[in-house]
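Let's take a walk through a protein together, one region at a time. Keep the sequence and the 3D view side by side as you read.

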Amino acid sequence: MHVRGDGNTLDDGTPIPDSVVADLIPESFISALIHDSAGNPIDATNRRRHPTPRQRRLVKERDRVCVDCGRGELLEYDHVPAHQHTGRTLTTEVKLRCAPCHQQRHAPGVL
Ligand SMILES: [Zn+2]
C-alpha cells in the first residue's frame, strides 16, 4: 500500500481511504520512500537494527518471556533470521530471548 500526500493506493492503483490506512498503521511495517524534486525515489530504506519502541512493545506483549527457557528477566530482542542476512527489523522476525539463551544462539557453530 502506498500512502502519499495526494492519496493512498494499493500497488494496482486501487484507492484506499485515509480511515482504512489509519486502522492498519498500528500493525504495519512502514517504509518511507522519499522522492527528490523531480519525483524520483531516493533510497532512504529503514535499515535500523534495533526495534523501535512500538516494535519492542509488540514483541514483548506477544512473547512475554524468553521463547527458549521461559525466563522473564534479562530479555533481549533477537532477530530470526539474523539481521545481517535480512538487513531489516520486523516484529515477525524478532523473538524475545534472555541474554544467556541469546548468547548461546549466537555462539560459534550455532545458527
Ligand atoms: Zn532463555
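Arg 64 has a relative accessibility of 54%, and since residues over 50% count as exposed, Arg 64 is classed as exposed. Its side chain meets that of Glu 61 in a salt bridge, with 3.0 Å from N to O. Please keep in mind that you are looking at a predicted model.

How many salt bridges does a search of the whole structure find? The search finds six. Let's visit another of them, the one between Arg 97 and Asp 78, where the closest N and O atoms are 2.8 Å apart. This pair links distant parts of the chain: Arg 97 belongs to strand β7 and Asp 78 to strand β6, and 19 residues separate them. Are these two residues buried or exposed? Both Arg 97 and Asp 78 are buried. They also take part in a network of salt bridges that links Asp 68, Asp 78, Arg 97 and Arg 105.

Now follow the two strands themselves. Strands β6 and β7 pair in the antiparallel sense, over five bridges. If you look for His 79, you will find Val 94 of β7 standing opposite.

The side chains of Glu 93 and Arg 88 meet with a distance of 2.5 Å from N to O. Glu 93 has a relative accessible area of 12%, which means that it is buried. Arg 88, at 34% relative accessibility, counts as partly exposed.

Next comes the metal site. Which residues are the protein donors of the zinc ion? They are Cys 66, Cys 69, Cys 98 and Cys 101, each through its SG atom, at 2.2 to 2.3 Å from the ion. The angles among the four donor atoms run from 101 to 115 degrees, and the site is tetrahedral. Along the sequence, the spacing of these donor residues reads C-x2-C-x28-C-x2-C. Cys 69 counts as partly exposed, at 45% relative accessibility, whereas Cys 101 is buried, with a relative accessible area of 13%.

Finally, turn to the start of the chain. Three strands form an open antiparallel sheet there, in the order β1-β2-β3. The edge strands are β1 (2-4) and β3 (15-16), each of which pairs on one side only. Strand β2 (residues 7-9) is joined to β3 by two bridges, and Asn 8 has Ile 16 as its bridge partner in β3.

What makes up the nonpolar surface patch of about 400 Å²? Its members are Met 1, Val 3, Leu 10, Val 20 and Leu 24. Pick out Val 20, which lies in helix α1 (residues 18-24). At 34% relative accessibility, Val 20 counts as partly exposed.

How values were computed
Residues numbered from 1 in each chain as written. Predicted model: local features only at pLDDT ≥ 70, side-chain atom pairs only at ≥ 80, totals over all residues. Heavy atoms only, no water. Pairing = 2+ DSSP bridges. Helix = DSSP H or I, 4+ residues; strand = E, 2+ residues; numbered from the N terminus. Donors = N, O, S within 2.8 Å, 3.2 Å for Na, K, Ca; no water. Tetrahedral: all angles 85-135°; square planar, octahedral: opposite > 155°, others 65-115°. Buried < 20%, exposed > 50% of the residue type's maximum accessible area, 1.4 Å probe, protein only. Patch = residues over 30% accessible without salt bridge, like charges linked within 9 Å, V, L, I, M, F, W, Y side chains within 5 Å. Areas by Shrake-Rupley, 256 points an atom, 1.4 Å probe, with all protein chains shown as cover. Salt bridge = Lys/Arg side-chain N within 4 Å of Asp/Glu carboxyl O.
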